[in-house]
Amino acid sequence: MNHYISPVKTGYVVGAFIGGLHLVWSLLVALGWAQALVDLKLRLHMVSVPVVVNAFALSTAVMLVVMAVIMGYVLGYLFAHIWNRMHRD
């Protein structure tokens with residue numbers, strides 16, 4: 001059985017997924033809903049830390065999404081490469 005997975009395709013998928021999550025986060029910040037989610041997450045984890053979500057900045061949001069896509073691609077690529085080396089026939 002061939003267990004090979006494409007590092008490039010895996011990088012694209014992981015990059016798109018991680019980038020998409022950060023795009024959603026940026027939209028939540030832009031809509032003003034992010035602070036409520038942060039507060040809920042902290043309450044559910046029984047943590048009390050003063051965390052304040054800053055005002056939305058388009059340039060920062062774009063940089064966040066781009067960096068997340070790049071890092072997701074790299075992680076996906078490395079994962080597939082390691083996977084393929086561990087599953088050599």
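Modeller: Helices here are DSSP runs of H or I with at least four residues, and strands are runs of E with at least two, numbered from the N terminus. The model is predicted, with local features requiring pLDDT of at least 70 and side-chain atom pairs pLDDT 80 or more, while totals for chains, interfaces and linings use all residues. Residues are numbered from 1 along each chain as its sequence is written, and side-chain values use heavy atoms, without hydrogens or water.

Helix α3 spans residues 58-86. Within helix α3 lie both F79 and W83, 4 residues apart, or about one turn of the helix. The whole structure holds 3 aromatic pairs (Phe, Tyr or six-membered Trp ring centres within 6.5 Å).

Helix α1 (residues 7-31) packs against helix α2 (residues 34-44) at about 110 degrees, their axes being 7 Å apart. Axes are fitted to C-alpha atoms over the stretch in contact, with angles from 0 to 180 degrees between N-to-C directions. The two helices are therefore roughly perpendicular (65 to 115 degrees). In this contact (heavy atoms within 4.5 Å), W25, L28 and V29 of α1 meet A34, L37 and V38 of α2. The contact residues comprise 6 nonpolar (Ala, Val, Leu, Ile, Met, Phe, Trp, Tyr, Cys, Pro), no charged (Asp, Glu, Lys, Arg) and no polar (the others, Gly among them).

Note on methods. Angles under 35 degrees count as roughly parallel, over 145 as roughly antiparallel, 65 to 115 as roughly perpendicular and the rest as oblique. Rings of Phe, Tyr and Trp (its six-membered ring) pair if their centres lie within 6.5 Å; planes under 30 degrees apart count as stacked, over 60 as edge-to-face and the rest as tilted.
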